[in-house]
Amino acid sequence: MHGSQPLHGQNSLTNSYYHQHTGVAKSLAILKSQENLSMGVIGLGAGVLASLADKHDTVHFYELNPAVYKMANTYFDYLKNTQAKVNVTIGDGRVSLVNELKNNAPLMNALVIDAFSSDVIPAHLLTQEALELYWQRLSENGILVIHISNNHIDLLPVLQAHSTNFAKALIKFKHNSTKLTALGSEWVVLTSNQLFLDAIKVSDLSPLKSYPKTELVHWTDQKNSSLPLLKF
């Protein structure tokens, strides 16, 4: 489920993975309190994240599937109703970011990776080379927000390896819920923005499992596998 919208007019942000108790909503709210958002989102879904931005913000979605963009515009109102400036690029998100880098596009202060589902992990979005690209497209104090909710695969060993390799702080938000109107979710943030980190309530954070160094999984474009990450 990559976004929902009620038909009877209630607050849309009580729904699916993007309600006010989720890590992405809390992270973006903190960043917005410090500066206007210039946010990239890999994975459009229903376009719900556009509703977290306002008239001072810019949101750039990167969506591989043109049919998803068509559905977001046809069956949902998030892209139409947001006050933010919204752009949508159709194509692979990583390739699009490379093109922006070549063209010296303005840097972003937030990048959200939300292109995974329980049975499909686009590994090329979580390799060392991908993370190198993300940091090149983010400002010095930018935040990288990754949606890791998954019934079958634990992505934390990969992200903890990247946290160490790139010398970035890693924090995790986990919201447990069985309600269809406010699904539980796990989000991870990597950043070196100390002002952002200082503004987070400790009570909002989820404890991080401590993995032995031998269990950290270093993904590269040449070598990556989800088999060591399967949940049993």
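**Charges and burial**

Modeller: Start with Glu63, which is buried but forms no salt bridge; Lys70, the nearest side chain of opposite charge, is 14 Å away. This is a predicted model, where local features need pLDDT of at least 70, side-chain atom pairs count only at pLDDT 80 or more, and totals for chains, interfaces and linings use all residues. Residues are numbered from 1 along each chain as its sequence is written, and side-chain values use heavy atoms, with hydrogens and water left out.

Colleague: Why is Lys70 not called a salt-bridge partner of Glu63?

Modeller: A salt bridge needs a side-chain nitrogen of Lys or Arg within 4 Å of a carboxyl oxygen of Asp or Glu. Lys70 is 14 Å away, so Glu63 has no salt bridge.

Colleague: What makes Lys32 and Asp57 a salt bridge?

Modeller: Their closest N and O atoms are 2.7 Å apart. That is within 4 Å, so the pair counts. Lys32 lies in helix H1 and Asp57 in the loop between strands E1 and E2, so the pair ties together parts 25 residues apart in sequence.

Colleague: Why is Asp57 called buried?

Modeller: Buried means under 20% relative accessible area, exposed over 50%, partly exposed in between (1.4 Å probe, protein chains only). Asp57 has 1%, so it is buried. Lys32 has 25%, so Lys32 is partly exposed.

Colleague: How do you know that helix H6 is largely enclosed?

Modeller: 9 of its 11 residues are buried, so the rest of the structure largely encloses helix H6. Among them are Leu156, His162 and Phe166.

How values were computed. Lys, Arg positive; Asp, Glu negative; His and termini not counted. Helix = DSSP H or I, 4+ residues; strand = E, 2+ residues; numbered from the N terminus.
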